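Visitor: I'd like to talk through the charged side chains here. Could you take me through them?

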Amino acid sequence: MATAAVVDAGDMPDPTVRNLLEQETLKWVFVGGKGGVGKTTCSSILSILLASARQSVLVISTDPAHNLSDAFQQRFTKFPTLVRGFSNLYAMEIDPKVENDDFSNEGMEGFLSELTNAIPGVDEAMSFAEMLKLVQTMDYSVVVFDTAPTGHTLRLLQFPATLEKGLEKMMALKNKFGGLLNQATRLFGLGDELNEDAMLGRLEGMKDVIEQVNKQFKDPDLTTFVCVCIPEFLSLYETERLVQELAKFEIDAHNIIINQVLFDEEAVESKLLKARIKMQQKYIDQFHMLYDDFNITKLPLLPEEVCGVQALQNFSKHFLTPYKPALKRGTVEELEERVSILKSALQEAESELDRLRKGKQDYQDY
């Protein structure tokens, strides 16, 4: 695994994503984690930050939910589209289900259906291979993947093995049925280009593409995986599972982004929020204990959604500089703010009381 960037003060890795911007050899950046932790926001902001440091950046959503369009507030398709406000940042959204236009003829439908049903994930693998072929024809400096929730991401890493199974299944069918398949294609008037040899060739070609890219994925100079999570038990567990699987696939990971953090230093009066802060801190401590050699970036929970280029750019500062609360508990400024809030609340309560008294008096007079 690549060594995490270390700050001079102390011996802890830098709690930002600067190491990703400084790694000039980086070609592939995967952003993944449990559903609903803010992967799309993080991958969008990472792509914006990389666009300021690299010549050209492509961010791809492989999540069926396709939230990239929502994050940037711009419609994206399965073809790279320039993000508004940028000259070197492109985005695209792909469907993880294969679009087999070449095999749409009725005569082949049953055969392909058997193939995709026999090997779970082969359709996604073929789709992913097609997308990688497209990306390789374009010369982007770095590609950021906004991946689907963890289970889908781990399947993505298994695609070379999945296509291997597809080829084995094809060969078994070829051996089993001999020339019947070719006769069937001619009978249905599909032509020789759709015989089993043509399909075997296509699967072989896709497998070659994925294996070639897979070698790059296993090179820590070219590829890294950024784990996004929130400070809760299930997310911690999912992140641990993800990191272990990445290690098994020999894919580098040394950045964790902990999103939606409530900071203890902030002026918090709510009992509920105080309880949440205490709970979160327990899991944040566990993250630091388990991943003491990772760059761990903490992002604050915001009162509003991060949507649109401007909001993404504003929030991106917390990726480069550790978040510091505007008001710290126990300071003069914090006490002044609390007094101001209490005065305002008192005025509202007095006004409400006056209205109720007046209403009661008017009712009695009536």
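Visitor: Which helix do Arg241 and Glu238 both lie in, and how many residues apart are they?

Guide: Arg241 and Glu238 both belong to helix 10, 3 residues apart, which is about one turn of the helix; helices (H or I, at least four residues) and strands (E, at least two) are DSSP runs, numbered from the N terminus. This is a predicted model, in which local features need pLDDT of at least 70 and side-chain atom pairs count only at pLDDT 80 or more, while totals for chains, interfaces and linings use all residues. Residues are numbered from 1 along each chain as its sequence is written, and side-chain values use heavy atoms, with hydrogens and water left out.

Visitor: And what joins the side chains of Arg241 and Glu238?

Guide: A salt bridge, at 3.6 Å from N to O; the term requires a side-chain nitrogen of Lys or Arg within 4 Å of a carboxyl oxygen of Asp or Glu.

Visitor: How many salt bridges does that rule give?

Guide: The count comes to 4, among them the one between Arg276 and Glu232, whose closest N and O atoms are 2.9 Å apart. That pair links distant parts of the chain, with Arg276 in helix 11 and Glu232 in the loop between strand 6 and helix 10, 44 residues apart.

Visitor: Switching to Glu93: buried or exposed?

Guide: Glu93 is buried yet has no salt bridge, and the nearest side chain of opposite charge, Arg75, is 4.4 Å away; buried means under 20% relative accessible area, exposed over 50% and partly exposed in between (1.4 Å probe, protein chains only), and Lys and Arg count as positive, Asp and Glu as negative, with His and the chain ends not counted.
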